[in-house]
Amino acid sequence: MPDPAPSPDAGPDPAGYAEAMAELEAILAEIEDEAVDVDLLARKVARAAHLVRWCRGRIDGARVDVERIIADLDPEARSQTE
């Protein structure tokens, strides 16, 4: 199932994975401490969902890159799978 289009309230993409994870941890801490104003809760959850989708995309991209690099290290194994 494709990811839904990002909400306009989701905000910009993070600069990197570490920044996304730090922001996610901050949002989670605010929600767990019940420090989020109920009027902002939906916006925070939408931002967290956007960050999770973004992180998943980065992880999937890295996995594909690693698999390709490993396959290039062992051309014999690659020719057996083709």
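Colleague: What makes Arg-68 and Asp-65 a salt bridge?

Modeller: In this predicted model, the closest N and O atoms of Arg-68 and Asp-65 are 3.0 Å apart. The cut-off is 4 Å between a side-chain nitrogen of Lys or Arg and a carboxyl oxygen of Asp or Glu, so the label applies. Both residues lie in helix 2, three residues apart, about one turn of the helix.

Colleague: Why are Arg-68 and Asp-65 called partly exposed?

Modeller: Arg-68 has a relative accessible area of 47%, and Asp-65 has 35%. Buried needs under 20% and exposed over 50%, so values in between are called partly exposed.

Colleague: How many salt bridges does the structure hold?

Modeller: Four. One of them joins Glu-67 and Arg-63, at 3.5 Å from N to O. That pair also lies in helix 2, four residues apart, again about one turn. Glu-67, at 46% relative accessible area, is partly exposed, and Arg-63, at 42%, is partly exposed too.

Colleague: Which parts does the salt bridge of Glu-30 and Lys-44 tie together?

Modeller: The closest N and O atoms of Glu-30 and Lys-44 are 3.4 Å apart. Glu-30 lies in helix 1 and Lys-44 in helix 2 (residues 38-73), so the bridge ties together parts 14 residues apart in sequence. Glu-30 has 27% relative accessibility and counts as partly exposed; Lys-44, at 25%, falls in that class as well. As background, side chains of opposite charge can pair when their charged atoms come close.

Colleague: How do you know that the length of helix 1 agrees with its number of residues?

Modeller: Helix 1 has 16 residues, and at 1.5 Å a residue they should span 22 Å. The expected span counts one less than the number of residues. The end C-alpha atoms of helix 1 are 22 Å apart, so the two values agree.

Colleague: Which residues of helix 1 are buried?

Modeller: Ala-20, Leu-24 and Ile-27. They cover an arc of only 65 degrees around the axis, and therefore sit on the same side of helix 1. The face turned away from that buried side carries the exposed residues Ala-18, Glu-25 and Glu-32. What covers the buried residues of helix 1 includes helix 2.

Colleague: What makes up the largest nonpolar core?

Modeller: Seven residues: Ala-20, Leu-24, Ile-27, Ala-48, Leu-51, Trp-54 and Cys-55. In soluble globular proteins, nonpolar side chains tend to be buried together.

Colleague: Which residues is Trp-54 in contact with, leaving aside its neighbours within four places in sequence?

Modeller: Asp-13, Pro-14, Gly-16, Tyr-17 and Ala-20. Each counts as a contact because heavy atoms lie within 4.5 Å.

Colleague: Which element has the lowest mean pLDDT, and which the highest?

Modeller: Helix 3 (residues 75-81) has the lowest, at 65, and helix 1 (residues 17-32) the highest, at 96. For the protein, the mean pLDDT is 86, and 82% of its residues reach 70 or more. Local features here need a pLDDT of at least 70.

Technical notes:
Residues numbered from 1 in each chain as written. Predicted model: local features only at pLDDT ≥ 70, side-chain atom pairs only at ≥ 80, totals over all residues. Heavy atoms only, no water. pLDDT = per-residue confidence, 0-100. Helix = DSSP H or I, 4+ residues; strand = E, 2+ residues; numbered from the N terminus. Buried < 20%, exposed > 50% of the residue type's maximum accessible area, 1.4 Å probe, protein only. Arc of directions from axis to C-beta. Core = buried A, V, L, I, M, F, W, Y, C linked by side-chain atoms within 4.5 Å.
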